[in-house]
Amino acid sequence: MVGPVSRIKHGRDQSTLAALRRAGISGALIDQMFRPFLAGVFLEDELETSSRFFHLVWRSMLRGTLCLPRHGIQAVPEQLARPCRRVRSGSRRRSAS
């Protein structure tokens, strides 16, 4: 969590599953907590995602540098589904501001 990112980026790469096992995480904890949680994060449930990427994401989570909208994650697709009022097609820009 506190080490430099370069150590993660240049460290040994393997699957997230292999890294969790190597860290001594029990199979039960992997299956009951890590697999379902990380399936939502990585959009895959075999834990084949690069351990480097896992460690970068996990580090960000532990450090509190990831964020959620005030009204929860559901606010993201709701906002994306709303019409965008700031984009006009066929218009010329008058200034950069």
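The model is a predicted one. Reading from the N terminus, the elements follow the order α-α-α-α-α. The radius of gyration is 19 Å, well over the 13 Å that the globule rule gives for 97 residues, so the protein is more spread out than a compact globule.

Of the 97 residues, 20% count as buried. Among contacts with a separation of 6 or more, 57% are between residues 24 or more positions apart.

Now select residues 51–63, which make up helix H4. This helix has 13 residues, and the distance from its first C-alpha to its last is 18 Å, close to the 18 Å expected at 1.5 Å a residue.

Look at the start of H4 and show the side chain of Ser50. A side-chain oxygen of Ser50 comes to within 3.1 Å of the backbone nitrogen of Arg52. Then go to the other end of the helix. Which residue follows H4? It is Gly64, and its phi is positive, near 80°.

Return to H4 and show its side chains. Which of its residues are buried? They are Ser51, Phe54, Val57 and Arg59. To see what covers these buried residues, colour three other helices: the cover includes H1 (5–9), H2 (16–22) and H3 (27–42).

Of these, take H1 and select Ile8, which lies in that helix. Is Ile8 buried or exposed? Its relative accessibility is 18%, and the cut-off for buried is under 20%, so Ile8 counts as buried.

Keep Ile8 selected and display the residues around it. Leaving out residues up to four places away in sequence, Ile8 touches Arg52, His55, Leu56 and Arg59. One of these, Arg59, is also among the buried residues of H4. Another, Arg52, is the residue whose backbone nitrogen is approached by the Ser50 side chain at the start of H4.

Key: Residues are numbered from 1 along each chain as its sequence is written. This is a predicted model: local features need pLDDT of at least 70, side-chain atom pairs count only at pLDDT 80 or more; totals for chains, interfaces and linings use all residues. Side-chain values use heavy atoms; hydrogens and water are left out. Helices (H or I, at least four residues) and strands (E, at least two) are DSSP runs, numbered from the N terminus. The expected span of a helix is 1.5 Å times one less than its number of residues. Buried means under 20% relative accessible area, exposed over 50%, partly exposed in between (1.4 Å probe, protein chains only). Contact means heavy atoms within 4.5 Å. A polar contact is a pair of N or O atoms within 3.5 Å; within protein, one must be able to donate a hydrogen and the other to accept it, and residues adjacent in sequence count only if both atoms are side-chain atoms. The radius of gyration is taken over C-alpha atoms; the globule rule is 2.2 Å times the number of residues to the power 0.38.
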